[in-house]
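Hi everyone, thanks for coming.

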Amino acid sequence: MSSRAVEDVHDPVVAGVDLGGTKIQTIVARGDEILGQARLPTPEESPGAVASAIAQTVHSALEAADAQASWLRSVGVGSPGRAQDGVVSHSPNVVGMQDPFPLGATVSRELDDVPVRVDNDVTVATLGELKRGAGRPFGSMLGVFVGTGVGGGLVFDRQIWHGRGGAGEIGHMVVKPEGRRCGCGGHGHLESYAGRASMQAKAERLVASGEHTVLFHLMAKHGRDRMTSGIIERALDHGDAMTERLIDRAIWALGIALASTQNLLDVEAVIVGGGLAERFGRPFVDRIAAQMQPLLFVPDRAPQVLPAELGDLSGAMGAVVLAGG
Ligand SMILES: [Zn+2]
């Protein structure tokens with residue numbers, strides 16, 4: 001009998017991995033109990049290095065959980081881009097994954113052939129909120145995650161709707177024809193107004209045209225090269241008019257996109273996650289709901305609009321669920 005079989009008297013654990021453009025966040029869980037966590041910066045040299053770093057975070061999280069590697073039953077990974085049968089593609093923010101890369105098989109090989117399931121990061125975060133977060137009471141919901149970009153996940157009858165693999169791309173819904181340029185190359189998309197990367201680019205253009213803001217001063221002071229939600233909060237605390245305008249515009253765009261989506265789908269709830277929702281919580285989400293209200297076709301049956309409950313663990317917890325944990 002192998003030592004593995006002897007150790008299997010322990011209840012198995014699963015690992016959930018949230019692969020982001022800048023960091024890898026991994027948890028080890030048994031059911032909805034988080035036993036250990038680990039994080040690493042996302043390597044920038046090769047997709048193989050990314051897979052190795054993922055395996056490393058799994059080992060570190062197992063260690064933090066006081067769990068043996070042999071207790072690991074499966075691993076779930078939420079990755080930017082498209083994911084089909086463990087192969088990731090169309091992921092420009094992770095090195096080497098714009099072209100198809102067999103992330104699932106590569107991570108599995110690094111972890112003694114433990115099964116690895118991979119899905120899109122926003123789909124996985126929506127799954128986390130559905131099963132373990134704010135989405136628990138609802139049969140149908142839309143998850144929208146407002147971060148560097150804007151992504152969405154759709155749930156009908158408590159199942160994720162994948163479409164043909166590309167459903168949920170609410171960030172690239174047109175809210176203003178011929179409007180601001182989007183990171184995808186299109187114009188006037190929700191993400192062009194509500195994604196932090198686009199908000200930062202807009203602020204840079206406004207400064208170049210002579211307008212004033214404390215945003216870039218705050219970024220320099222706090223050693224940030226990106227306009228994080230923390231920087232945005234500080235700027236608002238300073239009463240920075242440009243930041244207020246950027247946030248107003250983001251909420252305007254979210255209101256249009258979410259009300260239009262609601263008119264089409266009639267879901268029970270809209271769950272809003274991502275950096276801004278985590279930082280500003282209810283007040284931010286209530287402003288979005290107010291912006292949606294006059295645009296709803298059936299205004300007296302508005303969906304519940306709620307902040308995500310799992311915070312920045314939506315992705316990792318969703319990956320645990322994806323792994324069968
Ligand atoms: Zn776009």
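This is a predicted model: local features need pLDDT of at least 70, side-chain atom pairs count only at pLDDT 80 or more; totals for chains, interfaces and linings use all residues.

Okay, helices. Two packed helices get described by the angle between their axes and the distance between those axes. So how do α8 and α10 sit relative to each other: what is the crossing angle of their axes? Find helix α8, residues 229–237, and helix α10, residues 275–292. Their axes come within 8 Å and cross at roughly 40 degrees. Angles under 35 degrees would count as roughly parallel, and roughly perpendicular begins at 65. That's why we call α8 and α10 oblique to each other.

Who actually touches whom? On the α8 side you've got S229, G230, I232, E233 and L236. On the α10 side, look for G275, L276, R279 and F280. If you sort that contact by class, you get four nonpolar, three polar and two charged residues.

Side chains of opposite charge can pair when their charged atoms come close. How many salt bridges are there by the rule used here? The count comes to seven, and I'll show you some of them.

R279 and E233 form one, at 2.9 Å from N to O.

D286 makes a salt bridge with R282, and their closest N and O atoms are 3.4 Å apart. These residues are four apart in helix α10, which means about one helical turn separates them. D286 comes out at 40% relative accessibility, so partly exposed, and R282, at 42%, is partly exposed too.

Last one, and for this we leave the helix pair. The side chains of D312 and R39 meet in a salt bridge at 3.6 Å, N to O. D312 is in the loop between β12 (304–307) and α11 (314–322), while R39 is in strand β3, residues 33–41. They're 273 residues apart, and the pair links distant parts of the chain. D312 has a relative accessible area of 34%, so partly exposed again.

Note on methods:
Residues are numbered from 1 along each chain as its sequence is written. Side-chain values use heavy atoms; hydrogens and water are left out. Axes are lines fitted to C-alpha atoms, for helices over the stretch in contact, and angles run from 0 to 180 degrees between N-to-C directions. Helices (H or I, at least four residues) and strands (E, at least two) are DSSP runs, numbered from the N terminus. Angles under 35 degrees count as roughly parallel, over 145 as roughly antiparallel, 65 to 115 as roughly perpendicular and the rest as oblique. Contact means heavy atoms within 4.5 Å. Ala, Val, Leu, Ile, Met, Phe, Trp, Tyr, Cys and Pro count as nonpolar, Asp, Glu, Lys and Arg as charged, and the others, Gly among them, as polar. A salt bridge is a side-chain nitrogen of Lys or Arg within 4 Å of a carboxyl oxygen of Asp or Glu. Buried means under 20% relative accessible area, exposed over 50%, partly exposed in between (1.4 Å probe, protein chains only).
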